[in-house]
Amino acid sequence: MGKFMKSGKVVLVLNGRFAGRKAVIVKNYDDGTSEKPYGHALVAGIDRYPRKVTKKMGKKKLSQRSKIKSFVRVVNYNHLMPTRYSVDVNIDKTVVNKDAFRDPGKRRKARREAKSKFEERYKTEIGRASCRERV
């Protein structure tokens, strides 16, 4: 059987604090490591999703409702459910990596990096949708 848990794959987190949340695999460890001898993945996901926006909303309200809260976590493969989707969110692997979990400052920076990438992607999708409505 081929390896399908690759970086960029969209997964659902099944257990823990972020159960039911969608995430993207940043780096996969199929064979495990010395401290975690099982298959696991470093994932970045969305903890609080953006709210619904409409055409008649102003810029301020639109920006407030488009905010995303993200999380970065190392999760066992048993607690991930892969979807058929892959996303091309280019999360900087020098910022979001396993070393970020040792220092709270680096962890905050990693979460901020994931948040900025997710929000950027979301805002481009909103732009595309509004262009389709006008045509």
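## Contacts of F118

Leaving aside neighbours within four places in sequence, F118 is in contact (heavy atoms within 4.5 Å) with V24, A44, G45, I46, I68, S70, V89 and I91. This is a predicted model, in which local features need pLDDT of at least 70 and side-chain atom pairs count only at pLDDT 80 or more, while totals for chains, interfaces and linings use all residues. Residues are numbered from 1 along each chain as its sequence is written, and side-chain values use heavy atoms, with hydrogens and water left out.

## Nonpolar cores

F118 also belongs to the largest nonpolar core, which has 14 residues. A nonpolar core is a set of buried Ala, Val, Leu, Ile, Met, Phe, Trp, Tyr and Cys residues joined through side-chain atoms within 4.5 Å. Buried means under 20% relative accessible area, exposed over 50%, and partly exposed in between, with a 1.4 Å probe and protein chains only. The members that touch the most other members are V26, A44, V72, I91, V96 and F118. At least two residues of this core come from each of strand 2, strand 3 (40–48) and helix 2 (104–134).

Another core, of twelve residues, lies apart from it; among its members are M5, A23, F71 and V75. In soluble globular proteins, nonpolar side chains tend to be buried together.

## Overall architecture

The protein has two helices and five strands, and from the N terminus on its elements run β-β-β-α-β-β-α. Helices (H or I, at least four residues) and strands (E, at least two) are DSSP runs, numbered from the N terminus. Taken along the principal axes, the C-alpha atoms fill a box of roughly 55 × 40 × 25 Å.

Of the 135 residues, 31% count as buried. Among contacts with a separation of 6 or more, 62% are between residues 24 or more positions apart. The accessible surface (Shrake-Rupley method, 1.4 Å probe; for residues, only the protein chains shown count as cover) comes to about 9,200 Å², and 50% of it belongs to carbon and sulfur atoms.

## Strand pairing

Two strands pair if DSSP finds at least two bridges between them. Strand 1 (residues 9–13) has four of its five residues buried, so it is largely enclosed by the rest of the structure. Strand 1 pairs in the antiparallel sense with strand 5 (residues 80–86) over four bridges. Three bridges join strand 1 to strand 2 (residues 22–29), again antiparallel, and here L12 stands opposite K22.

Strand 2 is joined to strand 3 by six antiparallel bridges, with K27 partnered by L42 of strand 3. Strand 3 and strand 4 (residues 69–76) pair antiparallel over eight bridges; the bridge partner of A44 in strand 4 is V72, and both A44 and V72 are in the largest nonpolar core. Eight of the nine residues of strand 3 are buried, so this strand too is largely enclosed by the rest of the structure.

## V13

V13 lies in strand 1 and counts as buried because its relative accessibility is 4%. Its bridge partner in strand 5 is L80. Leaving aside neighbours within four places in sequence, V13 is in contact with F18, A19, G20, R21, A23, F71, H79 and L80. Of these, A23 and F71 are among the members of the twelve-residue core. The C-alpha atoms of V13 and E125, 112 residues apart along the chain, are separated by 23 Å.
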